[in-house]
Amino acid sequence: QEVKAILKSREFILVIFLAVVIGAVSIRNPLFFSGANFIEILNNASYSTVAALGMTMILITSGIDVASGAVMAVLAIACGEMCLAGMPPVVYLGVTLVLGVVFYTINGILIVKVGVPPMICTLAMSSVIRGTVLLVTGGNWVKGLPKSFNAIGKGEIGSIPLPVIIMLVSVVVISLVMAKTRFGRNIYAVGSNKNAARLSGVNVDATIIGTWAVAGLLLALAAILY
């Protein structure tokens with residue numbers, strides 16, 4: 001029964017589909033199926049994967065977020081500008097992470113306490129932040145950053161890029177949180193049925209706000225990698 005369930009699962013079908021695509025491309029170009037190429041693919045996908053972890057948690061609570069791109073942009077710019085201002089790494093990295101949590105905690109509070117639908121809330125934040133980014137940067141990249149600023153985004157441990165390691169660690173940590181902790185189980189319960197979760201003793205509002213806060217932290221980490 002367990003084997004049949006696995007074979008019928010969406011995850012297994014996706015794995016098979018991915019294997020077929022990899023096999024077909026590898027036949028066309030043997031260089032595709034190489035360790036170096038897969039590492040490069042993972043490296044390019046690292047920041048989007050980290051951001052997607054938080055978005056997945058939000059989706060599980062039956063929420064939706066359309067502001068992630070704009071927020072990641074403003075967080076990356078803030079991180080770069082703080083570095084150019086001469087702040088030490090521990091400060092500009094820490095402040096970037098805190099800003100991510102603050103932005104998304106505000107989203108969570110507006111959603112559960114004010115009753116703003118997630119789509120409207122994040123769409124409004126996206127518009128405000130995109131305007132702020134254009135106003136601050138004039139549409140230009142943040143330039144003149146020191147080489148030390150690239151230590152996280154372009155660093156390596158052995159032959160493995162640091163962003164790939166951070167991505168893999170993030171995936172493992174969030175997977176464990178979702179599978180093994182009360183907070184993770186509460187997220188599933190809230191997404192399944194808010195009223196039933198509340199009657200079961202789950203603090204629905206705190207769970208939703210906490211989920212958005214964690215998503216903001218992950219988005220800020222993605223912005224740093226980006």
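The legends below describe close-up views of a predicted model. Local features are given where pLDDT is at least 70 and side-chain atom pairs only at pLDDT 80 or more, whereas totals for chains, interfaces and linings use all residues. Residues are numbered from 1 along each chain as its sequence is written, and side-chain values use heavy atoms, with hydrogens and water left out.

**View 1. Helix α5 crosses helix α11.** The axes of α5 (residues 89–114) and α11 (residues 204–225) come within 7 Å and cross at roughly 150°. Helices here are DSSP runs of H or I with at least four residues, numbered from the N terminus; axes are lines fitted to C-alpha atoms over the stretch in contact, with angles from 0 to 180 degrees between N-to-C directions. The crossing of α5 with α11 is right-handed, that is, the near helix is turned clockwise from the far one by less than a right angle. By class, the contact of α5 with α11 has 17 nonpolar, six polar and two charged residues. Nonpolar denotes Ala, Val, Leu, Ile, Met, Phe, Trp, Tyr, Cys and Pro, charged denotes Asp, Glu, Lys and Arg, and polar the others, Gly among them.

**View 2. The largest nonpolar core has 42 residues.** A nonpolar core is a set of buried Ala, Val, Leu, Ile, Met, Phe, Trp, Tyr and Cys residues joined through side-chain atoms within 4.5 Å; buried means under 20% relative accessible area, exposed over 50% and partly exposed in between (1.4 Å probe, protein chains only). V71, Y104 and I129 touch the most other members of this core. Its largest share, 11 residues, comes from α11. Apart from this core lies another, of seven residues, including M82, C83, Y92 and F149.

**View 3. Surroundings of V71.** Residues up to four places away in sequence not being counted, V71 touches F103, Y104, M125, I129 and L219; contact requires heavy atoms within 4.5 Å.

**View 4. A salt bridge joins K113 and D205.** The N to O distance is 3.4 Å, the criterion being a side-chain nitrogen of Lys or Arg within 4 Å of a carboxyl oxygen of Asp or Glu. Because K113 lies in α5 and D205 in α11, the pair ties together parts that are 92 residues apart in sequence. K113 is exposed, at 56% relative accessibility, and D205 is partly exposed, at 24%. By this rule the count is one salt bridge.

**View 5. N186 in helix α9.** N186 counts as buried, at 17% relative accessibility. Neighbours within four places in sequence aside, N186 is in contact with V202 and T207.

Note on methods:
Helices (H or I, at least four residues) and strands (E, at least two) are DSSP runs, numbered from the N terminus.
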